[in-house]
There are 2 protein chains.
Amino acid sequence: MFKATVIVKRKPAILDPQGKAAQQGAKLLGFENIKQTRIDKFIRFEIQVDEISQAEEELKQYCDKILTNPNMEEYEFKLEQF
Amino acid sequence: MFKATVIVKRKPAILDPQGKAAQQGAKLLGFENIKQTRIDKFIRFEIQVDEISQAEEELKQYCDKILTNPNMEEYEFKLEQF
């Protein structure tokens, strides 16, 4: 069994409205030193297989088909056996 | 100047509808080995101050007042000078 951690980030050119909203809130509350807020996704799940090669294959399919939009986002992942 | 990375997670008892939706999608597409998907936030920003103690103070205020709901979420952070 593996624990998977995936960070999904919008590509740098893609607008991040949630980050923009937080950034504007920072400004309104007077946090003038805080800049460039980006809000992306931190995803965790388990993969119930024995082989790391199979875990990696299933993780990539899950990311490509469900967790990310490959046109707008990119991802990095970590797998940890348990 | 510091680069901040904050991971905001819903507390374990709090329902995660986005994670549930992804998990259901996994099931529909036949990824039967994938379980327990949780989708949380990965947040990055810059803090334009010189002292790490001040950076940490501003980060905590930003997290407590804007980035998180302390009743439902918890966070961990990393600060890196650049």
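How much area do chain B and chain A bury between them? About 3000 Å², with 61% of it on carbon and sulfur atoms. Buried area here is the accessible area (1.4 Å probe) that two parts lose on being put together, summed over both. In chain B, Asn33(B), Phe42(B) and Arg44(B) lose the most area to chain A, together 22% of what that side buries.

This is a predicted model: local features need pLDDT of at least 70, side-chain atom pairs count only at pLDDT 80 or more, and totals for chains, interfaces and linings use all residues. Residues are numbered from 1 along each chain as its sequence is written, and side-chain values use heavy atoms, without hydrogens and water.

Take the contact next (heavy atoms within 4.5 Å). Chain B brings 33 residues and chain A brings 33 residues.

E2(B) supplies 14 residues, the largest share of the side of chain B that touches chain A. Strand E2 of chain A runs antiparallel to E2(B), and 11 bridges join them. DSSP must find at least two bridges for two strands to pair. Within this pairing, Ile39(A) stands opposite Ile43(B).

Charge also crosses the interface. There are 2 salt bridges between chain B and chain A. Each needs a side-chain nitrogen of Lys or Arg within 4 Å of a carboxyl oxygen of Asp or Glu. Asp40(B) forms a salt bridge with Arg44(A), where the closest N and O atoms are 2.6 Å apart.

Methods. Chains lettered and ligands numbered in written order. Helix = DSSP H or I, 4+ residues; strand = E, 2+ residues; numbered from the N terminus.
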